[in-house]
Amino acid sequence: MAELIRVLIADDDPLVRVGLSLVLGAAPEIQIVGEAGDGAEAVELARRLRPDVVLMDVRMPRTDGLAATAELRRDGPAPAIVVLTTFDTDENLLGALRLGANGFLLKDIAPTEILDAVRRAAAGESILAPSVVPRLIGYAVARDPESDGGRGSRASAVLDRLTEREREVAEAVATGRSNAEIGAELHMSVPTVKAYVSRLLDKLGCANRVQVAILVHESRTGK
C-alpha cells in the first residue's frame, strides 16, 4: 500500500477548495487534512497539522500565498508547497520559486495532473506548468548580468563546487525532469538520483529542486 500523503488546501474560493478536495480525495493514498481560506490560516494550519503538501493559492485576503510561503519556509523545507493559481505572471512565478515553493501550476490543468503534482511534490520533486518553463529559462538566460546584482556570477561560483556528475544531475533537475527521467538519461537508478539530489540541496543550500533549477539558469548569465 502506498504511503499516505497528507494535503492542506489553501484558497479563498470555497468552490475551488471543494473541487480540489473531491479530486484529491478520490485517490486512496491522499488524505485532505485541512482547508484554509487565506494565507495566515494556511500558515497556522500547516504548523499545527504538519501536512506533506500544501496547495497554495496566490491572491488571498489578510496574507497572500507568497507571504505565507515565505513564512512557512522560515520554519524549514517541509512541507512541500505547490502554488496553484489563475494569475500567470512573472512576478508570481519568480516570487513563489525564490521564496521556496516546490512548484508552480495553473488552475486550468487537468485533475490527473493535479494528482501527479501532489505525488511528485510529496516525493521531493519540483513541478512546473509546462507553459512557464520557457519563461523561467528565458528570464534567467536573457537577463543582463551587469544589472542582476551579480546573481549570475554568484550562482556560477556556487555551482563550481559540484563534481562533474553532480553538475549533470543539477542540469537535469533544471529541465524539470522527474527522478525516473533523470535516471534514464544519466543511466542511474532512481534511489541514486534521489541521493544525488539530496546532496545537491545540501551543497547548494537550496530548499528544493526548483531553487536548484533557478541557480543553474542564473549561472548561465555569469559566464
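**Helix packing and burial in a predicted model**

Helix 8 is followed by Gly 176, whose phi is positive, near 85°; helices, here and below, are DSSP runs of H or I with at least four residues, strands are runs of E with at least two, and both are numbered from the N terminus. The model is a predicted one, in which local features need pLDDT of at least 70 and side-chain atom pairs count only at pLDDT 80 or more, whereas totals for chains, interfaces and linings use all residues. Residues are numbered from 1 along each chain as its sequence is written, and side-chain values use heavy atoms, with hydrogens and water left out.

The protein contains 11 helices and 6 strands. Of its 223 residues, 51% count as buried, a term that denotes under 20% relative accessible area with a 1.4 Å probe and protein chains only. Among contacts (heavy atoms within 4.5 Å) with a separation of 6 or more, 67% are accounted for by residues 24 or more positions apart.

Within helix 8 (residues 164–174), the buried residues comprise Glu 166 and Arg 167 together with Val 169, Ala 170, Ala 172, Val 173 and Ala 174. In helix 3 (residues 65–73), which holds Thr 69, this threonine is buried, with a relative accessible area of 0%. When neighbours within four places in sequence are left aside, Thr 69 is in contact with Met 56, Ile 81, Leu 99, Gly 100 and Ala 101.

Helix 1 (residues 14–25) packs against helix 5 (residues 111–122) at an angle of about 70°, their axes lying 10 Å apart; axes are lines fitted to C-alpha atoms, for helices over the stretch in contact, and angles run from 0 to 180 degrees between N-to-C directions. The two helices are therefore roughly perpendicular to each other, the range for that term being 65 to 115 degrees. Leu 20, Val 23 and Leu 24 of helix 1 meet Pro 111, Ile 114, Leu 115 and Val 118 of helix 5, and the residues of this contact divide into 7 nonpolar, no polar and no charged.

The axes of helix 10 (residues 190–204) and helix 11 (residues 209–219) come within 10 Å and cross at roughly 65°. In this contact, Val 197, Leu 201 and Leu 204 of helix 10 meet Arg 209, Val 212 and Leu 215 of helix 11, with a division into 5 nonpolar, no polar and 1 charged. For both contacts, nonpolar covers Ala, Val, Leu, Ile, Met, Phe, Trp, Tyr, Cys and Pro, charged covers Asp, Glu, Lys and Arg, and polar covers the others, Gly among them.

Note on methods
Angles under 35 degrees count as roughly parallel, over 145 as roughly antiparallel, 65 to 115 as roughly perpendicular and the rest as oblique. Buried means under 20% relative accessible area, exposed over 50%, partly exposed in between (1.4 Å probe, protein chains only).
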